[in-house]
Amino acid sequence: MASSQWFIGGRSCSKALATLGIVCLTLSLCACGKEGEKAPQAAAPPPPSVVVAEVIQKTVPIYSEFVAQTDAMDTVEIRARLAAFLEQIHFTEGTLVKKDQLLFTLDKREYEAQRDQARAQLAKAEADLAFAKDNARVETAKANLDVAKAALGNAETDERRLKPLAERKAVPQQDYDTAAARLDAARAGMASQRAALETAQVNQKTDTQTAQAAVLAAKASIATAELNLSFCEIKSPIDGLIGKREVSVGNLVGKGEATLLATVSQIDPARVYLTISEAQYLLYQTLRNEGKLKSDTGLELILADGSVYPHKGRFTFAERAVDVKTGTLALVTEFPNPEQLLRPGMFGSVRFAGQVAENAILIPRIAVQEVQGAKSVLVVNAENAVELKTITPGETVGDLLIVRRGLTPGERVIVEGLQKARPGSKVNPTVAPAAQASATAETAKAAPPPVPKPTDAKAAGKAKGK
């Protein structure tokens, strides 16, 4: 029984081996039949996708943007001009004040007493002047002179009458000697009274002048006292924005120095200071002389948060000289500030369209590559093959770049997928929306602004350097 099972199993194994040999033979024959044929190659990958933008040609303004700082048109420090106690404060900090608006009141009692004393001195000086102008002393001296003249006349008459008689011995010699002595005395009295009159006249003139000077001094004292009284009421010299108060009620101010009480700034219009290089100044002076410079009004102010200030500004003047340390020229601009949005000391940038580029060739700036200092772009030709072109760049206009040489309108430059493109290779281009590029060109900003004519420059009381 066992022997029979082995036989059956052995027969089954032989059959399986025979079948396997047939399969191997078949495969071998198939391999030999195709031995002279090539194996099929893998399919080539598709060209990489890139985004291209057409080179456009249009007239665009060339803008410039410069760091700027705002300042007040006028800033006045309110100080105490005399020593007194601060009595009252009449304003709210951080609000607008008007010219001649009362801001502070100082204790004025001491200065009122000085004014009253000056008035009393004036009254006394006026009385002294009236007395000095009185002619009583001069008139008395004149009367005494007349009496002396009369006495001299009598003495001369007696002397003339007695002299011939004494010579003829008709009268005693003593009588004549007495008459001669009286004549000499009368002449001396006459000279004395004349001198007294002159002295009285001189004294009257001197006393009058002294009294007049005293009157003037008293009036000056009154004016000084009244001026000091006016300083006790401190008013705003300008319309503007007032800051915080620097002192409190009850403090002694103005003792030894003019104490700072508050500061007022005129902020409408607001001044904005910026600087340009010496090269830019010379460039724009040349453009101005050639009539190629746009108007120097219509300035835009970009605030610190990136927003555009709603009011346009204008250039007012340029500083007198170039700063030799930095090689820059300070410019002063003005912006209306009716909402008081601009405050002194704010930072931003001033933007201005100084030139116009006629028929400029424009490409997106992101398309430009720089290799060893040379600027180049990748261009997709009509066969969708990539070409490398070197360009001569000009000014930037927002997200666009003016190309001086190297490209023509209508060419396609790669703006996305630059890392996948190689010169000479094929690409699958997708054109970027032209409307987007056009809108970018309209709103683009860059390039140096013009400066006012030096002849238009006023004296820069403060050119931030100030």
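Predicted model: local features only at pLDDT ≥ 70, side-chain atom pairs only at ≥ 80, totals over all residues.
Arg119 belongs to helix 2 and Glu226 to helix 4, so the pair ties together parts that are 107 residues apart in sequence. Glu226 is likewise partly exposed, with a relative accessible area of 38%.

Helix 2 covers residues 109-133. With 25 residues at 1.5 Å a residue, helix 2 should span 36 Å, and the distance of 36 Å between its end C-alpha atoms agrees with this. The buried residues of helix 2 are Tyr111, Arg115, Ala118, Leu122, Ala125, Leu129 and Ala132. These buried residues pack against two elements, strand 3 (84-89) and helix 4 (173-231).

The structure holds 13 salt bridges. One of them is formed by Arg351 and Glu300, whose closest N and O atoms are 2.7 Å apart. Arg351 lies in strand 13 (residues 347-364) and Glu300 in strand 10 (residues 297-302), so this pair ties together parts that are 51 residues apart in sequence. Both Arg351 and Glu300 are buried. The two residues also belong to a network of salt bridges that links them with Glu65 and Lys312.

Another salt bridge joins Arg404 and Glu395, with the closest N and O atoms 2.4 Å apart. Arg404 is partly exposed, as its relative accessible area is 46%. Glu395 is also partly exposed, at 24%. Strand 17 spans residues 392-397 and strand 18 spans residues 400-405. The two strands run antiparallel and are joined by 4 bridges. Val397 has Leu400 of strand 18 as its bridge partner. Strands 17 and 18 form a hairpin with 2 residues between them, and Gly398 in the turn has a positive phi of about 65 degrees.

Strand 5 and strand 6 pair over 3 bridges in the antiparallel sense, and Leu102 stands opposite Lys235 in strand 6. In general, the side chains of a regular strand alternate between the two faces of the sheet.

The largest nonpolar core has 22 residues. Leu82, Leu103, Phe104, Leu106, Ile242 and Leu261 have the most contacts inside this core. The elements that give two or more residues to the core are strand 3, strand 5 (102-106), helix 4 and strand 9 (260-277). Apart from this core lies another, of 19 residues, which includes Ala68, Val272, Leu274 and Leu301. Such grouping follows a general pattern: in soluble globular proteins, nonpolar side chains tend to be buried together.

Leaving aside residues up to four places away in sequence, Phe104 touches Ile78, Leu86, Gln88, Ile89, His90, Phe91, Cys232, Glu233, Ile234, Leu261 and Ala262. Among these contacts, Leu261 is also listed with Phe104 as a residue with the most contacts inside the largest core.

Ser376 lies in strand 15 (residues 374-380). Ser376 counts as buried because its relative accessible area is 8%, and buried means under 20%. With residues up to four places away in sequence left out, Ser376 touches Ala367, Val368, Gln369, Leu388, Lys389, Thr390 and Ile391.

For the protein as a whole, the secondary structure comes to 6 helices and 20 strands. Of the 466 residues, 35% are buried. The protein exposes about 27400 Å², of which carbon and sulfur atoms supply 54%. Among contacts between residues at least 6 apart in sequence, 79% join residues at least 24 apart.

How values were computed: Residues numbered from 1 in each chain as written. Heavy atoms only, no water. Expected span 1.5 Å × (residues − 1). Buried < 20%, exposed > 50% of the residue type's maximum accessible area, 1.4 Å probe, protein only. Contact = heavy atoms within 4.5 Å. Pairing = 2+ DSSP bridges. Core = buried A, V, L, I, M, F, W, Y, C linked by side-chain atoms within 4.5 Å. Areas by Shrake-Rupley, 256 points an atom, 1.4 Å probe, with all protein chains shown as cover. Salt bridge = Lys/Arg side-chain N within 4 Å of Asp/Glu carboxyl O.
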